[in-house]
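Me: I'd like to learn how to read pockets, cavities and a ligand site in a model. Can you take me through them one at a time?

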Amino acid sequence: MIEIKDLHKSYKTGSNSLHVLKGINFSVAEGELVSIMGSSGSGKSTLLNILGMLDEADSGTYTLDGVPIKNLNEKIAARYRNKFLGFIFQSFNLISYKSAVDNVALPLYYQGLKRKERMDRAMAYLEKVGLTDWAQHLPNELSGGQKQRVAIARALASDPKVLLADEPTGALDTKTSYEVMDLIQKINEEGRTILIVTHEHDIAEMTKRIVNLKDGVIIDDNKVDQIKALQYV
Ligand SMILES: Nc1ncnc2c1ncn2[C@@H]1O[C@H](COP(=O)(O)OP(=O)(O)OP(=O)(O)O)[C@@H](O)[C@H]1O
Ligand SMILES: [Mg+2]
């Protein structure tokens with residue numbers, strides 16, 4: 001599903017250059033649930049942003065579902081992003097003046113679906129995350145966990161091949177974090193490929209594989225015995 005080879009990325013600030021990713025190699029098969037760990041500044045978000053086509057590497061190759069991701073014009077990149085990728089962020093990134101259902105339906109608008117179909121699909125995904133009764137509420141009327149569920153429904157609505165989550169539990173308390181991980185595990189069990197950046201060990205242990213970044217390289221990459229979040233919720 002994902003294949004990257006010898007990926008490098010530097011940031012230039014003034015006359016300085018910071019070499020953040022120094023030759024990353026890894027691949028992710030369809031259906032995996034992977035966590036990316038590493039200390040602050042180790043390049044986790046940089047890597048996830050490249051995988052999410054929000055940023056480009058300086059060198060190396062990236063293939064997503066068989067498609068080489070390189071030198072795409074903005075329109076094609078946006079189309080691939082929409083088709084292949086769903087995003088979940090630490091701070092939810094919901095639109096504050098839109099209801100839960102409208103937030104979930106928004107990506108479908110950009111896919112050109114008609115209003116009725118957008119609403120039906122958005123409601124189906126809200127039901128999936130257990131928020132049918134909250135569909136008409138605004139984000140600021142929801143708890144952190146509920147907001148993240150809306151964001152997950154929104155990420156799923158366009159039926160992406162891969163979900164990318166940058167610290168999806170970073171703003172949540174422990175119990176709510178495990179509830180969100182329970183949902184993420186269920187979505188993965190349906191076959192969806194998911195990558196999660198986290199710096200919390202308990203969260204990483206709820207995935208099936210832990211990749212550790214340090215100083216811009218992968219220092220270890222191991223399959224793990226997954227701990228089910230359900231037992232804690
Ligand atoms: N747009 C940018 N311009 C310049 N430097 C950047 C930029 N984005 C990130 N960096 C630097 O690159 C390094 C890696 O950043 P990155 O955000 O990938 O780290 P991270 O592992 O996600 O850290 P955290 O756990 O704190 O989120 C850091 O030193 C950061 O300051
Ligand atoms: Mg980060």
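Me: How do the residues that line the largest pocket divide into nonpolar, polar and charged?
Reply: Sort them by name: Ala, Val, Leu, Ile, Met, Phe, Trp, Tyr, Cys and Pro are nonpolar, Asp, Glu, Lys and Arg are charged, and the others, Gly among them, are polar. Here the lining of the largest pocket comes out as 11 nonpolar, five polar and two charged residues. Keep in mind that this is a predicted model, where local features need pLDDT of at least 70 and side-chain atom pairs need 80 or more, while totals for chains, interfaces and linings use all residues. Residues are numbered from 1 along each chain as written, chains are lettered from A and ligands numbered from 1 in written order, and side-chain values use heavy atoms, without hydrogens or water.

Me: How much space lies in the largest pocket, and which residues lie nearest its centre?
Reply: A pocket is an open set of points on a 1 Å grid over the protein atoms alone, with protein on both sides within 12 Å along at least five of seven lines; lining residues have an atom within 4 Å of a point. Points are joined across faces, edges and corners, and volume is the space filled by probe spheres set on them. This pocket holds about 480 Å³. Its lining has 18 residues, with Asn82, Leu85, Phe87, Pro107 and Arg154 nearest the centre. Two or more lining residues come from each of α2 (74–84), β6, α3 (100–110) and α5 (144–157). Those labels are DSSP runs, numbered from the N terminus: helices are H or I, at least four residues, and strands E, at least two.

Me: Which element gives the most to the lining of the second largest pocket?
Reply: That's β4, with five residues; β4 (59–64) and α2 each supply at least two. The space here is about 310 Å³. It is lined by 20 residues, and Asp55, Glu56, Ile69, Lys70 and Asn71 are the closest to its centre. By class, the lining has 10 nonpolar, five polar and five charged residues.

Me: How many cavities of 30 Å³ or more are there?
Reply: In a cavity, a 1.4 Å probe fits but cannot get out. The count is one, and the largest cavity has a volume of about 50 Å³. Leu48, Asn49, Leu54, Phe87, Ile88, Phe89, Leu164 and Asp166 line it. With three residues, β6 gives the largest share. Six lining residues are nonpolar, one polar and one charged.

Me: Which residues are closest to ligand 1?
Reply: Near means a heavy atom within 4 Å. The shell has 13 residues, the closest being Ser40, Gly41, Lys44, Ser45 and Thr46. α1 provides the largest share, three residues, and β1 (2–13), β2 (16–28) and α1 (44–51) each give at least two. The classes are three nonpolar, eight polar and two charged.
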